[in-house]
Amino acid sequence: MKEAIRGKRRAVGQFFHTGRELLVEVRSSLHTKRGKWGLLIWAAAFLWVAWLGRDAWDAWDAWGGYEAGYPILWLWMGIGMMMSLQGHKLAYLLPISRKDFAMEKVWKMIWMALAIAVSASFCFWYEGMEGKELCMAAVWKAGPASLGFAAYQVAAAPEMRRDGKGKTGTQVYHLSQWMVVLNVGVAMLNIMIMPRAWGLGSFVLPVLNYVASIAAICSFYRAIAYTDEYYDEW
């Protein structure tokens with residue numbers, strides 16, 4: 001019992017430690033061209049939302065949410081670019097086990113998902129959603145889509161080599177390309193298609209999004225924890 005409690009405390013501590021580490025990496029990324037472009041894209045997305053206006057949601061038709069999805073996709077791209085500096089770490093120099101390193105990657109994906117979900121929920125609110133409608137959009141749209149987009153943390157880790165021969169995160173960890181495409185593809189569809197009235201059919205995409213995202217995170221964890229290739233073997 002005590003060991004289980006100690007293990008949970010350790011996991012929570014590692015989660016918040018990873019968050020602080022990611023914040024430092026974001027600040028560092030702002031000194032790079034990649035990070036500056038990410039910040040610019042992120043800011044442009046909010047300007048886009050402001051241009052749509054506070055009452056944009058009420059003015060849309062049944063599929064009006066499709067238009068609202070564009071600035072959220074920009075938010076995802078901007079946040080992803082600012083939060084991907086950790087791809088330059090040398091895994092073989094880290095004083096932790098492979099499984100701990102894999103769990104750190106998962107924590108970073110979750111932190112990235114939280115950043116995207118909060119930003120997307122703010123967009124929904126600013127566009128005119130309120131009350132139950134806002135909660136439904138946050139839980140069934142922003143939530144699962146942010147988990148899908150957070151795969152960027154692993155799949156598109158920047159190359160260390162500048163000669164174009166370096167490997168991306170997908171290649172280093174031997175991730176399934178189909179899993180990456182399915183995960184991000186379902187997330188994009190889910191955030192782009194917004195129902196005017198929530199019915200039974202409205203939950204098909206969100207549930208599929210949650211299933212695909214959770215399956216992808218588990219797959220990424222196993223791929224990273226049990227990979228037999230190190231960065232110094234590039």
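Here are some worked exercises on the predicted model shown above.

**Exercise 1. Work out what the protein chain is built from: how many helices and how many strands are there?**

Start with the count: the protein chain has ten helices and zero strands. Reading along the sequence then gives the pattern α-α-α-α-α-α-α-α-α-α. Next, look at burial: of the 234 residues in the protein chain, 45% are buried. Finally, check how far apart the contacting partners sit in sequence. Take the contacts between residues at least 6 apart; 82% of them join residues at least 24 apart.

**Exercise 2. Find the largest nonpolar core and say which elements give two or more residues to it.**

Step one is the core itself, which holds 44 residues. The residues with the most contacts inside this core are Phe124, Phe149, Ile191 and Phe220. Step two is to see where the core residues come from. Two or more come from each of α1 (2-29), α2 (33-52), α4 (65-82), α5 (98-126), α6 (131-149), α9 (177-192) and α10 (204-225). Of these, α5 gives the most, with ten residues.

Setting aside residues up to four places away in sequence, Phe149 touches Leu73, Trp76, Met112, Ile116, Val184, Ala187, Met188 and Ile191.

**Exercise 3. Describe how α5 packs against α10: are the two helices roughly parallel or roughly antiparallel?**

First get the geometry: the axes of α5 and α10 are 8 Å apart, and the packing angle is about 150°. An angle over 145 degrees counts as roughly antiparallel, so α5 and α10 run roughly antiparallel to each other. The handedness comes next, and the crossing of α5 and α10 is right-handed.

Now list who meets whom. On the α5 side you'll find Arg98, Lys99, Phe101, Ala102, Met103, Lys105, Val106 and Met109, and on the α10 side Ile217, Phe220, Tyr221, Ile224 and Ala225. Sorted by class, the contact of α5 with α10 has ten nonpolar, no polar and three charged residues.

Zoom in on Ala102, which lies in α5. Its relative accessibility is 0%, so Ala102 counts as buried. Beyond its neighbours up to four places away in sequence, Ala102 touches Tyr221, Ile224 and Ala225. The C-alpha atoms tell you about sequence distance too: Ala102 and Arg222 are 120 residues apart along the chain, yet their C-alpha atoms are separated by 7.8 Å.

**Exercise 4. Repeat the analysis for α9 and α10: is their crossing left-handed or right-handed?**

Geometry again: the packing angle of α9 and α10 is about 150°, and their axes are 9 Å apart. That makes α9 roughly antiparallel to α10. The crossing of α9 and α10 is left-handed.

For the residues, α9 brings in Met179, Val180, Asn183, Val186, Ala187, Leu189 and Asn190. They meet Leu205, Pro206, Leu208, Asn209, Ala212, Ser213, Ala215, Ala216, Ser219 and Phe220 in α10. The class tally for the contact of α9 with α10 is twelve nonpolar, five polar and no charged residues.

**Exercise 5. Take α5 and α6: at roughly what angle do their axes cross, and which residues meet?**

The axes of α5 and α6 cross at roughly 145° and come within 8 Å. This crossing is right-handed. From α5, the residues are Met112, Ala113, Ile116, Ala117, Ala120, Ser121, Phe124 and Trp125. From α6, they are Leu134, Ala137, Ala138, Lys141, Ala142, Ser146, Leu147 and Phe149. By class, the contact of α5 with α6 splits into 13 nonpolar, two polar and one charged.

**Exercise 6. Classify Val139 and Leu39: is each one buried, partly exposed or exposed?**

You need one cut-off here: buried is under 20% relative accessible area, exposed is over 50%, and partly exposed is in between.

Val139 lies in α6. At 44% relative accessibility, Val139 is therefore partly exposed. Leaving out residues up to four places away in sequence, Val139 touches Pro144 and Tyr210. The C-alpha atoms of Val139 and Pro206, 67 residues apart along the chain, are separated by 8.9 Å.

Leu39 sits in α2. With a relative accessible area of 37%, Leu39 is partly exposed. Apart from neighbours within four places in sequence, Leu39 is in contact with Leu30 and Met82.

Conventions: Residues are numbered from 1 along each chain as its sequence is written. This is a predicted model: local features need pLDDT of at least 70, side-chain atom pairs count only at pLDDT 80 or more; totals for chains, interfaces and linings use all residues. Side-chain values use heavy atoms; hydrogens and water are left out. A nonpolar core is a set of buried Ala, Val, Leu, Ile, Met, Phe, Trp, Tyr and Cys residues joined through side-chain atoms within 4.5 Å. Buried means under 20% relative accessible area, exposed over 50%, partly exposed in between (1.4 Å probe, protein chains only). Helices (H or I, at least four residues) and strands (E, at least two) are DSSP runs, numbered from the N terminus. Contact means heavy atoms within 4.5 Å. Axes are lines fitted to C-alpha atoms, for helices over the stretch in contact, and angles run from 0 to 180 degrees between N-to-C directions. Angles under 35 degrees count as roughly parallel, over 145 as roughly antiparallel, 65 to 115 as roughly perpendicular and the rest as oblique. A crossing is left-handed if the near helix is turned anticlockwise from the far one by less than a right angle, and right-handed if clockwise. Ala, Val, Leu, Ile, Met, Phe, Trp, Tyr, Cys and Pro count as nonpolar, Asp, Glu, Lys and Arg as charged, and the others, Gly among them, as polar.
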